[in-house]
Amino acid sequence: MKVSTCLQYCIKGMGKPLFNFANTKDGKALIKINKKMNFNRDEQIKETLIAFNSYFMVEAAIRLKRLPKHPQSVIKFMGSDEFDHLHQEIVSTVEENYSMLMNCLNSKDKRKLQALFD
């Protein structure tokens with residue numbers, strides 16, 4: 001089994017995976033919420049990256065734990081200490097490495113990301 005760090009996990013999500021998610025119903029709702037809750041563009045993007053990575057981390061954890069994939073198991077996992085630990089790791093990783101994560105995008109993708117919040 002290959003193990004990756006939280007930073008590697010976040011880097012892999014930059015670009016196409018992030019934009020694919022942004023075009024889903026959940027992604028559009030998340031962006032809409034972050035636009036209303038934060039007026040600073042960098043904060044909007046950070047919060048979106050945190051939620052995006054947490055979303056997929058929850059999915060992966062539920063699969064690894066072989067829990068049934070239904071809303072109750074998601075809610076139960078998100079209320080766990082394990083989720084809190086994973087989420088805090090994602091928050092600190094995004095906060096501490098934001099510039100580097102943004103540098104994973106080419107200039108076209110940076111403009112595309114910015115445009116999601118216009």
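**Close-up views of a predicted model**

**Figure 1. The largest nonpolar core.** The largest nonpolar core comprises 28 residues, and those with the most contacts inside it are Ile45, Leu49, Phe77, Val94, Met102 and Leu113. Two or more residues of this core come from each of α1 (6-13), α2 (16-22), α3 (25-37), α4 and α6. The largest share, eight residues, is supplied by α4. A nonpolar core is defined as a set of buried Ala, Val, Leu, Ile, Met, Phe, Trp, Tyr and Cys residues joined through side-chain atoms within 4.5 Å. Buried denotes under 20% relative accessible area, exposed over 50%, and partly exposed the range in between, with a 1.4 Å probe and protein chains only. Helices (H or I, at least four residues) and strands (E, at least two) are DSSP runs numbered from the N terminus. In soluble globular proteins, nonpolar side chains tend to be buried together. The model is predicted: local features need pLDDT of at least 70 and side-chain atom pairs count only at pLDDT 80 or more, while totals for chains, interfaces and linings use all residues. Residues are numbered from 1 along each chain as its sequence is written, and side-chain values use heavy atoms, with hydrogens and water left out.

Figure 2. Six aromatic pairs are present in the structure. The ring centres of Tyr55 and Phe56 are 5.0 Å apart and the planes stand at 75 degrees, so this pair is edge-to-face. Tyr55 is partly exposed at 31% relative accessibility, and Phe56 is likewise partly exposed, with a relative accessible area of 30%. Phe77 and Phe83 also form an edge-to-face pair, at 6.1 Å centre to centre with 75 degrees between the planes; both of these residues are buried. Phe21, Phe52, Tyr55 and Phe56 make up one aromatic cluster. Rings of Phe, Tyr and Trp (its six-membered ring) pair if their centres lie within 6.5 Å; planes under 30 degrees apart count as stacked, over 60 as edge-to-face and the rest as tilted.

**Figure 3. Lysine side chains over aromatic rings.** The charged end of Lys46 sits over the ring of Tyr98, at 5.2 Å from the ring centre. Lys112 lies over the face of Phe19, 4.5 Å from the centre of that ring. A charge is taken to sit over a ring if NZ of Lys or CZ of Arg is within 6 Å of the ring centre and within 35 degrees of the ring normal.

**Figure 4. The second largest pocket.** The second largest pocket holds about 280 Å³ of space. Its lining consists of 13 residues, of which Ser54, Tyr55, Val58, Val74 and Met78 are the closest to the pocket centre. α4 (41-64), α5 (71-78) and α6 (81-102) each contribute at least two lining residues, and the largest share, eight residues, comes from α4. By class, the lining has eight nonpolar, two polar and three charged residues. Val58 belongs to helix α4 and is buried, with a relative accessible area of 6%. On a 1 Å grid over the protein atoms alone, a pocket is an open set of points where a 1.4 Å probe fits, with protein on both sides within 12 Å along at least five of seven lines; lining residues have an atom within 4 Å of a point. Grid points are joined across faces, edges and corners, and a volume is the space filled by probe spheres set on the points. Ala, Val, Leu, Ile, Met, Phe, Trp, Tyr, Cys and Pro count as nonpolar, Asp, Glu, Lys and Arg as charged, and the others, Gly among them, as polar.

**Figure 5. Arg66 in the loop between α4 and α5.** Arg66 has a positive phi of about 55 degrees although it is not a glycine. This residue is exposed, with a relative accessible area of 76%. The C-alpha atoms of Arg66 and Ser107 are separated by 40 Å, and the two residues are 41 residues apart along the chain.
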